[in-house]
2 protein chains.
Amino acid sequence: MNELAIVEKIRRLALRGPQITLGIGDDCAIYRPKSGEDLLFKIDPMIEDVHFRRDQPPAILGQRALGRNLSDIAAMGGTPHFCLVSLAIPDGFGGKWLDQFYRGLMALARKTGTALAGGHLARAEKIYCDVVVSGSVPRGKALLRSGARPGDAIYVSGRLGKAWHKRIQPRLELGRSLRGRATSCMDLSDGLSLDLHRLCVASGVAANVDRVPVVRGATLERALHGGEDYELLFTLPLRLAAPPGTTRIGGIVKGSAGAVLYQGQPLPRRGYDHFAGA
Amino acid sequence: MNELAIVEKIRRLALRGPQITLGIGDDCAIYRPKSGEDLLFKIDPMIEDVHFRRDQPPAILGQRALGRNLSDIAAMGGTPHFCLVSLAIPDGFGGKWLDQFYRGLMALARKTGTALAGGHLARAEKIYCDVVVSGSVPRGKALLRSGARPGDAIYVSGRLGKAWHKRIQPRLELGRSLRGRATSCMDLSDGLSLDLHRLCVASGVAANVDRVPVVRGATLERALHGGEDYELLFTLPLRLAAPPGTTRIGGIVKGSAGAVLYQGQPLPRRGYDHFAGA
């Protein structure tokens, strides 16, 4: 199978979006913004032997490659519009593997209204995939990491410590519902201890954590430090009620920026730092 | 050096753009479109041992990683606005190598007004880099591959057959000057024979090529079939004059869509097909 045939197959699978005025097949894709939109962009890689093993089901990998980026769109309170997919695969992966990978990716794309606007296909020794997702929020309404204030309550969606191989359910609806309400928001991808530290650094505040909701079968250790939860971490002023499906885990306090206590003790940051020691 | 320190270093090097209302450091970057803009998007990878060798100067690699995408923005008649860079590097590349890579990339970014809005840094066994570039054209004014008509003259910018290791000079000014004038345009990345075929397929036309401008030191074979020229290939109605720095190489004719003759003989397509035989 040659490149043209593969691209044609992907094009047939691709969801088109109303604002994608030119999709796969030219030098660039074209997106026509609506007035009053702020556009959100996120790129994130999935690398063989770093994020996954070759023998994992390709449909799950495709779902995850898109899902982890959609989780960032959710964290900003955004609505996804389109994605671009750059995929490099070894010899022999251009047939059924590729087909299943794109079917997994496109199933989540359809569910979330994310058009596949373009991408690139290359051959390499190992599987490597970068997905870019773009979404939008009403102008000036994006949820940032930097707005948490002393007195705010801290929440997470879902339960933490999820096994990495599960499908990602990006919390898009929750994210949108937090616009104009949450003072800060981010998604949990590198572990609560590291991500909450980052949110506190960005906001110039400290945090006390009292408890965390642990998913069935996981340890507290994993819920505190394990990555790849893809839940939302956010802060709300005390006067606002907890959104459905979320748990209040503690509160924002004045203090050294980034300092986090768990049940009164400093919480070590053992989350995933891609370059610790590099 | 840990991830935070590296990201902070990149952030200091990064050019900010007036429409990038949020840059490196949150879950997503934010771009605020101007009214009447159509936005262009292109993603393209650079993979060690596929597109380059590890011992090549990192500043040149950074320049190329951005330049090849800017060439696609030029081919649509666009003005670049920002890029996102996903880079995976092996142990030991987080210091000087990374610094030089970003300096090469940012030098071209500054020259072309391309902000570095965000990205990702990972560790992998081999170097892998995906760059996404976004640009804009006035609404509906993008140059496409699909508008060439019988009777149009075919042009290329510069001279063909360039050695792959030279710096890329994306033809942004030329591309913008062709808006509203060229009937079709694309950039030459996989070789004239293959790329002109693609343009003709997209336009449903055939082409006759009389001559090609060959760069000094290159063979005609390389000018016809070698990839990585990053020049523009475009068509103009006969009544329009040749833009400076371009050469008329032939004409568009009626015929089997995609058929290309060189001096009366069918031109074989020996350009770079990433998946021929896969």
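This is a predicted model: local features need pLDDT of at least 70, side-chain atom pairs count only at pLDDT 80 or more; totals for chains, interfaces and linings use all residues.
Residues are numbered from 1 along each chain as its sequence is written, and chains are lettered from A and ligands numbered from 1 in the order in which they are written.

Let me start with the two chains. Two copies of a chain are related by a rotation about an axis and a shift along it. Here, chain A can be laid on chain B with an RMSD of 0.0 Å by a turn of 180 degrees and a shift of 0.0 Å along the axis, the superposition being by least squares on the C-alpha atoms of residues with pLDDT of at least 70 in both copies. That is the relation of a two-fold axis. Which residue of chain A comes closest to the rotation axis? It is Ser35(A), whose C-alpha lies at 3.1 Å.

As for the interface, 56 residues of chain A are in contact with 57 residues of chain B, where contact means that the C-beta atoms of two residues, placed from the backbone, lie within 7 Å. On the chain A side, strand β3 (residues 37-47) gives the most, with ten residues; helices (H or I, at least four residues) and strands (E, at least two) are DSSP runs, numbered from the N terminus. By class, that side of chain A has 32 nonpolar, nine polar and 15 charged residues, counting Ala, Val, Leu, Ile, Met, Phe, Trp, Tyr, Cys and Pro as nonpolar, Asp, Glu, Lys and Arg as charged, and the others, Gly among them, as polar. Since 100% of the interface residues of chain A are also interface residues in chain B, the copies meet through the same surface.

Strand β2 (residues 29-31) of chain A runs antiparallel to strand β3 (residues 37-47) of chain B, and three bridges join them; strands are said to pair if DSSP finds at least two bridges between them. Within this pairing, Ile30(A) stands opposite Leu40(B). The open sheet has six strands in the order β1(A)-β2(A)-β3(B)-β6(B)-β4(B)-β5(B), with mixed pairing, and its edge strands, each pairing on one side only, are β1 (20-22) of chain A and β5 (115-123) of chain B. Further into chain B, β3(B) pairs with strand β6 (residues 128-138) in the antiparallel sense over eleven bridges, and Ile43(B) has Val132(B) as its bridge partner there.

Turning to chain A itself, the domain assignment, which is automatic or from a database, gives domain 1 (3-138) and domain 2 (153-266). Their centres, taken over C-alpha atoms, are separated by 27 Å, and 18 residues of domain 1 of chain A are in contact with 17 residues of domain 2 of chain A. Eleven residues on the domain 1 side come from α2(A), the largest share.

Nine bridges join β4(A) to β6(A), which run antiparallel, with Ala88(A) opposite Tyr128(A).

Chain A also has an open sheet of seven strands, ordered β8-β10-β7-β11-β9-β12-β13, with mixed pairing. Its edge strands are β8 (184-187) and β13 (265-266), while β9 (residues 206-209) and β12 (residues 260-262) pair in the parallel sense over three bridges.

I will finish with Asp187(A), which is found in strand β8 of chain A. Is Asp187(A) buried or exposed? With 28 C-beta neighbours inside 10 Å, Asp187(A) counts as buried. Not counting residues up to four places away in sequence, Asp187(A) touches Ser71(A), Asp72(A), Ala74(A), Ala75(A), Tyr230(A), Leu232(A) and, from the other chain, Asp27(B).

Methods. A residue is buried if 20 or more other C-beta atoms lie within 10 Å of its own, exposed if 12 or fewer, and partly exposed in between; C-beta atoms are placed from the backbone.
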